[in-house]
Amino acid sequence: MEARTQLRPDPTSVRAARQFIATALAEWHHEELLDAAVLLTSELVTNAVLYARTAISIVVDLTGDRLRVEVIDSNPLPPIPRVAGEDATSGRGLALVEALARAWGIDTIPPSGKRVWFEVAA
């Protein structure tokens, strides 16, 4: 099963992305994946809004034993994992993805774009 959406490079798109994931998982009767999928999608879309500043595409695919979410933008620069200090209010997004996803990665999309994705067990 697959669902796709397009979002603007706007802070309100983070909420729209969470709702998109929640709706897809509810339609597919996989609400047990909701918490991890919504959190990780929020982190990747936030990065795209803050740093890519281009239109954002989200693709969510449920196949067999995995849910894969892709966040695609038109900025070729990859996100850079940071080490957030104890009191930092940002900088933990990719660390969360690393900790909670079964797999994740960054793919270049020529001529100028990227796909940041994660998978969680279904």
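Residues are classed by relative accessible area (1.4 Å probe, protein chains only) as buried under 20%, exposed over 50% and partly exposed in between. The model is predicted: local features need pLDDT of at least 70, side-chain atom pairs count only at pLDDT 80 or more, and totals for chains, interfaces and linings use all residues. Residues are numbered from 1 along each chain as its sequence is written, and side-chain values use heavy atoms, with hydrogens and water left out.

Most residues other than glycine have a negative phi, and most peptide bonds are trans. Arg53, in the loop between α2 and β2 (56-63), has a positive phi near 55°; with 63% relative accessibility, Arg53 is exposed. His29 lies in the loop between α1 (12-27) and α2, and its phi, near 60°, is likewise positive. His29 is exposed, at 63% relative accessibility. The Pro110 to Pro111 peptide bond is cis, with omega near 5°, and Pro111 belongs to the loop between β4 (103-108) and β5 (114-121). Helices (H or I, at least four residues) and strands (E, at least two) are DSSP runs, numbered from the N terminus.

Contact between α2 and α3, defined as heavy atoms within 4.5 Å, involves Leu39, Leu40, Glu43, Leu44 and Asn47 of α2 and Gly93, Leu94, Leu96, Val97 and Leu100 of α3.
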